[in-house]
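Here are my notes for anyone opening this one for the first time. Have a look at the structure, then read the points in order.

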Amino acid sequence: MLELRGLEKTFARGTVNAHTALRQVSLHLQHGEFVTVIGSNGAGKSTLFNAICGTFLCDAGHILLDGKDITFLPEHTRARQIGRVFQDPMKGTAPGMTIEENMALAYTRAHSGPFSMALSKKKFRLFRDALARYEMGLEDRMKTKVGLLSGGQRQVVTLLMCTLVTPRLLLLDEHTAALDPATAEKIMAITNQIVRENNITTMMITHNIRSALTTGSRTIMMDAGQIILDLSGEEREQMTMERLLKMYSEKKKEELDNDRMLLG
Ligand SMILES: Nc1ncnc2c1ncn2[C@@H]1O[C@H](COP(=O)(O)OP(=O)(O)OP(=O)(O)O)[C@@H](O)[C@H]1O
Ligand SMILES: [Mg+2]
């Protein structure tokens, strides 16, 4: 379960470049809930993920994960419980290390034990079996340096690294956006399978409106650092892409009207 209470973040506060990227963001996610996050460029989606991961501390508000207040925990401590996959396949893995070394590192990190390059037979088999399930031939390339893999293959390795030890929360930041359509579809199918099998509480940022409405069970829309729409259940089932886009422009217009009122 994730609970965000009144998160606020202003970058470069007190300067002419001051920019409020999060405004009173509150959100409650049930255990195992899969939420998609949409919103235009600069809406604050990645900033919200950064706030949850502890890349910076928020100016106000609280973050609770499984009932524990993590608001002031350092990023590396949160990383043991929160898995994150980025748009850029180059992020999230060490290119100079082999697939098995990367997986061993992630596994050890999640268990907070000392890192050992020496892999036990049991662990090797665990990694190999996990890779084999996705039929990309990666199980036969355990000793290949990750830097030599394609973007899609790297995203699978990153996804597995994040979920070998089930995280309390999985954050996907446009993790299929840099892939060709067929590979993106395959990575999405693998994502759904991993999330469902392990009942992982998940947030996924996407610019693909169709995918946002069909993946998971809830969709939130962000704009100018705020959550402006929260769809689930029947309301979400009946939502069409066209209506959602219309709602977005209506919300934007409302905002403009409010600004005009303030200015007037
Ligand atoms: N470290 C930072 N310092 C200053 N400004 C920042 C920082 N991080 C984000 N911002 C600003 O906060 C706003 C929100 O950025 P963010 O990256 O969260 O957008 P986004 O919704 O993820 O957009 P996109 O869809 O383009 O990825 C932007 O105006 C961005 O310039
Ligand atoms: Mg972003």
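1. Start with the contacts between residues at least 6 apart in sequence: 69% of them join residues at least 24 apart. Keep in mind that this is a predicted model.

2. Now the overall build. The chain has nine helices and ten strands. Its radius of gyration is 20 Å, close to the 18 Å that the globule rule gives for 264 residues, so the chain is as compact as a globular protein of that length. If you want dimensions, the C-alpha trace spans about 70 × 40 × 35 Å along its principal axes.

3. On to the inside. Of the 264 residues in the chain, 34% are buried. The largest nonpolar core holds 55 residues, and Val37 and Val157 have the most contacts inside it. Helix H5, residues 151-163, gives this core its largest share, six residues. As background, nonpolar side chains tend to be buried together in soluble globular proteins.

4. Val37 deserves a click of its own. What does valine 37 touch, leaving aside its neighbours within four places in sequence? The list is Lys45, Met203, Met204, Ile205, Ile220 and Met222.

5. Lys45 turns up again around ligand 1, in a shell with Phe11, His19, Ala21, Gly39, Asn41, Gly42, Ala43, Gly44, Ser46 and Thr47. By type, the shell divides into three nonpolar residues, seven polar and one charged.

6. Where does that shell come from? Strand E2 (19-29) and helix H1 (45-53) each supply at least two of its residues. The largest share, three residues, comes from H1.

Technical notes
Residues numbered from 1 in each chain as written. Chains lettered and ligands numbered in written order. Predicted model: local features only at pLDDT ≥ 70, side-chain atom pairs only at ≥ 80, totals over all residues. Core = buried A, V, L, I, M, F, W, Y, C linked by C-beta atoms within 7 Å. Buried ≥ 20, exposed ≤ 12 C-beta atoms within 10 Å, placed from the backbone. Helix = DSSP H or I, 4+ residues; strand = E, 2+ residues; numbered from the N terminus. Contact = placed C-beta atoms within 7 Å. Rg over C-alpha atoms; globule rule 2.2 N^0.38 Å. Near = placed C-beta within 6 Å. Nonpolar A, V, L, I, M, F, W, Y, C, P; charged D, E, K, R; others polar.
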